[in-house]
Structure formats: structure tokens, C-alpha cells
Amino acid sequence: MVRKFDKPILVTKSFLPPLGEYIEQCKKIWDSHWLTNDGELCKKFVAESQNYLKVSNMVPFVNGHLALEIAIKALGLKGNVITTPFTFASTTHALINNGLEPRFCDINLNDFTIDSDIIEALIDENTSAILPVHVFGNPCDVAKINKISQNYSLKVIYDAAHVFGVEIDGVGIGNFGDVSMFSLHATKVFHSIEGGLLTFHDKDLERQFNLYKNFGITGPETVEAVGLNAKMNEFQAAMGLVNLRYIDDEIAARKLLAECYRDNLCDIEGINYLNDTAGVKHNYAYFPIIIDPQFFGITRNQLHEKLKEFNIYTRKYFYPLTTDYECYKNKYKADHLINSICISDKILTLPIYGTLTLENVFNICEIIKILKNTK
Ligand code: T4K
């Protein structure tokens with residue numbers, strides 16, 4: 001018998017390490033009285049994260065969004081930037097806050113990342129960069145995007161907020177493009193409470209990133225640039241250092257849950273999901289499903305509401321598209337975004353996090369089955 005869950009099951013639940021391990025790291029902060037501004041824990045965290053992500057250059061930030069804004073600012077982008085509207089607010093806002101025009105490209109239906117076949121048609125003499133999103137942990141078509149960027153001399157900044165730990169054929173995902181931005185927010189597979197990382201190819205960018213994240217200050221009496229305050233603090237770094245010990249376990253647990261979802265949803269007409277890509281080490285950051293009301297019998301919105309009655313709180317990531325936000329409505333050409341509109345209207349992200357049990361997932365799937373055709 002399928003019953004309502006006793007306690008709410010939310011779309012995610014932040015990973016927390018054993019408290020003693022975090023306190024152990026925090027003791028070092030008490031000893032040093034050094035709380036922020038590139039402390040020792042922050043340096044150690046960068047060294048260990050660099051190693052884990054298999055990248056050679058990295059700068060830490062207080063959050064992913066400011067890291068992205070600073071990446072765009074430091075690259076000195078001008079004119080328009082090609083990106084997608086099927087993302088979190090941060091991606092589009094980062095362009096607007098840098099005075100750039102987002103030029104929206106549609107997504108593909110295979111993995112909901114930018115459709116690399118139609119990027120070229122959007123490029124004009126004012127295009128300076130491409131800002132694709134590795135959405136839900138799925139890598140973009142990095143080979144094709146690289147080729148296009150070389151042919152047109154464009155910069156590539158990946159919004160890599162969802163892909164901590166993802167690899168393509170053994171290569172860390174942060175190695176593609178000019179810069180990648182990872183979010184270390186509490187809701188991510190790996191987190192430092194709040195936090196962000198930039199990984200990049202050109203070592204010279206390190207100075208620029210550090211400059212902009214610390215007000216543009218270069219010495220006690222010199223301020224060289226109009227910067228921001230976006231420094232990671234020592235409490236964040238302490239959490240990151242401890243959580244790194246558990247990241248492989250977290251990903252392994254999520255992999256089992258994703259497989260359990262797939263095994264139990266595969267026979268439901270009108271429900272589709274993404275499968276793993278050959279050669280990719282996934283991180284199972286999200287588990288999105290697509291609901292086709294014609295075959296499932298009820299719409300995404302109806303399923304979202306009905307699941308709440310069973311204490312299951314899914315999310316409509318990413319609905320609305322950023323082009324439909326109040327602040328952007330009617331400002332950008334959007335009627336060509338056919339796939340983005342279609343996916344945004346049908347997608348639902350189901351709960352996934354390391355401490356969710358296989359039994360929980362099985363029951364969520366049973367409830368979805370019961371709700372089919374329940375108008
Ligand atoms: N680019 C992309 C593509 C992104 O998805 C994001 C962030 C960014 C850039 C910017 O990176 P950051 O500046 O955030 O580092 C959440 C996250 O706040 C946001 O980081 C994330 N994307 C986005 C997809 O999801 P909300 O508004 O949905 O969060 P919220 O507060 O509703 O939380 C969602 C669920 O998480 C809750 O139902 C329960 C759980 N939760 C939440 C918090 C805050 C926890 O278990 N613990 C917590 O501390 O945006």
C-alpha cells in the first residue's frame with residue numbers, strides 16, 4: 001500500500017558531514033583569528049579542489065553568481081553573448097549586470113543544453129562570447145562549441161554550476177572553454193555552504209579574478225579597478241574541505257537512486273527521463289522527468305500539485321524561462337525557442353540527494369504511477 005510520506009520529501013537536502021569534523025576545521029580558525037580574505041583554509045581548499053576537478057587554475061569565490069559576473073567582467077566582453085534561457089536566473093542576470101545583450105539560443109532535446117547546431121546562425125559582428133550551461137550536470141557539446149569559438153574568435157564561459165565532479169573521457173569538465181563557473185551552494189552535489197569556483201586556461205586571468213573579487217585593491221594604498229567583494233571566507237572553506245572527503249560517496253549514492261528512478265519509471269507511458277551519456281562520469285545532480293500529458297493523462301502542473309498531497313515537493317527547474325521573467329518580458333526575441341518552451345512546460349525535477357533511500361525512490365515512483373490519468 002502506498003502511503004503519504006510522514007515527513008516532507010523536498011527536491012534536495014543539503015549534505016552535512018559529521019559535525020565533529022567541521023568543528024575540527026573551525027578550531028583552526030579560532031587559533032589563527034583569520035576569518036576571511038584568502039586564509040590558509042581557503043588556500044588548502046583550492047589545492048584539494050583543483051586536484052579533485054583535475055584542473056590547473058582555480059580561484060574561489062563567495063558564491064557562484066559573483067564568480068560568473070567577475071568572469072564576464074575580467075574577460076572584457078562586449079556587445080552580445082549567446083546563451084540559453086533554460087537556466088537559473090543567475091546566468092542571464094550575470095550578462096545584464098555586465099551591460100551585455102543576451103542572445104538566446106534554443107536547447108536540444110537530448111540533454112537540454114545549448115543546441116550547438118544553431119549557435120552559428122546567431123553570431124554577428126557584435127558577438128563576443130558564448131555562455132552555455134551544463135544544465136542538470138549534463139555536459140554541453142564541448143567539441144563543437146570549441147570549434148565554433150575558434151572559427152569566430154569568441155570566448156567561451158561555461159556555466160558549470162551543476163557539474164562538480166563531472167568528467168568527459170577522464171577529462172575534468174572545468175578544462176573546457178576559457179572559463180568555467182562552479183556553484184558550491186548548499187543545494188549542490190558538493191557545497192561549501194555558499195561558494196563558487198572559476199577554473200580557467202589562461203594563468204594570467206588569475207590576477208584579474210583576484211583583483212575583481214577584492215574591490216580592485218592591489219595594495220594598502222592602491223585600488224586599480226572597480227571591483228566587487230566576492231571572497232570566500234574560512235568557514236566556507238572549512239565546510240568545503242570536509243565535504244570533499246565525502247563527495248565520491250555522495251555521487252555513488254545518487255547514482256543508485258537515479259538507476260532506481262529509471263528502473264521504476266521506464267514503463268510509465270508519458271514519463272521520460274535522461275539516460276547517462278557514454279564516456280561521461282555523471283554526478284546525478286538532479287533527476288528531471290518530462291511529462292507528456294497526452295500519454296500520462298495529467299499535466300506537469302497537476303502532477304506537481306498532486307505530489308504535494310503525498311508530502312513530495314518537486315521543483316519546476318527551469319520554469320519559467322529567463323526570457324519570461326517579469327524583468328525581461330518582451331525585451332528579447334523568444335518565439336524561436338521552441339524546445340526551451342516545450343521542455344520548460346513539461347519538466348519536473350524529482351527529489352534526489354545522498355540520504356534519500358531506495359525505498360523512498362521506489363515509493364515516489366509508485367505514487368507517480370497511481371497519479372497517472374487522475375484528472
Ligand atoms: N547558474 C546555474 C545554472 C544555477 O543553477 C545557479 C544556482 C547559479 C548559476 C548560481 O550559483 P550560486 O550563486 O547559487 O552559487 C537553488 C539554489 O539556491 C541555487 O544555488 C541553484 N542554482 C538553484 C537551481 O537552486 P532555489 O531558489 O530553488 O533554492 P531553495 O531555497 O528553494 O532550495 C531548494 C531546495 O533545497 C529546498 O526545497 C530544500 C533544499 N535546501 C535548501 C537550502 C537553502 C536545503 O536542503 N538546504 C538549504 O540550506 O535555488
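Here are some notes on the ligand site, a salt bridge and a few backbone details in this predicted model.

1. Ground rules. Since the model is predicted, local features need pLDDT of at least 70 and side-chain atom pairs count only at pLDDT 80 or more, while totals for chains, interfaces and linings use all residues. Numbering runs from 1 along each chain as its sequence is written, and side-chain values use heavy atoms, with hydrogens and water left out.

2. The ligand shell. The ligand is surrounded by 26 residues, and D159, H162, S183, R315 and Y317 are the closest; a residue is near a molecule if one of its heavy atoms lies within 4 Å of it. By type, the shell splits into nine nonpolar, 13 polar and four charged residues (Ala, Val, Leu, Ile, Met, Phe, Trp, Tyr, Cys and Pro count as nonpolar, Asp, Glu, Lys and Arg as charged, and the others, Gly among them, as polar). Helix 3 (64-74), helix 4 (89-96) and strand 8 (179-183) each bring at least two residues to this shell. Helices (H or I, at least four residues) and strands (E, at least two) are DSSP runs, numbered from the N terminus.

3. The side chain of D159 puts an N or O atom 2.7 Å from a ligand nitrogen. For H185, a side-chain N or O atom is 3.3 Å from a ligand oxygen. G64 works through its backbone, with an N or O atom 3.0 Å from an oxygen of the ligand. On its own the ligand would expose 910 Å², and the protein buries 74% of that (Shrake-Rupley areas with a 1.4 Å probe).

4. A salt bridge to look at. There are 18 salt bridges in the structure, each a side-chain nitrogen of Lys or Arg within 4 Å of a carboxyl oxygen of Asp or Glu. In one of them R245 pairs with E21, and the closest N and O atoms are 2.5 Å apart. That pair links distant parts of the chain: R245 is in the loop between helix 7 (234-244) and helix 8 (247-265), E21 is in helix 1 (residues 19-32), and they are 224 residues apart.

5. Backbone details. Y317 and F318 are joined by a cis peptide bond, omega about 5 degrees, and F318 sits in the loop between helix 10 (300-308) and helix 11 (338-346). The bond from Y319 to P320 is cis too, with omega near -5 degrees; P320 is in the loop between helix 10 and helix 11. Elsewhere, F112 has a positive phi, near 70 degrees, though not a glycine, and it belongs to the loop between strand 3 (101-104) and strand 4 (127-131).

Conventions. Polar contact = N/O pair within 3.5 Å; in protein donor to acceptor, adjacent residues only side chain to side chain.
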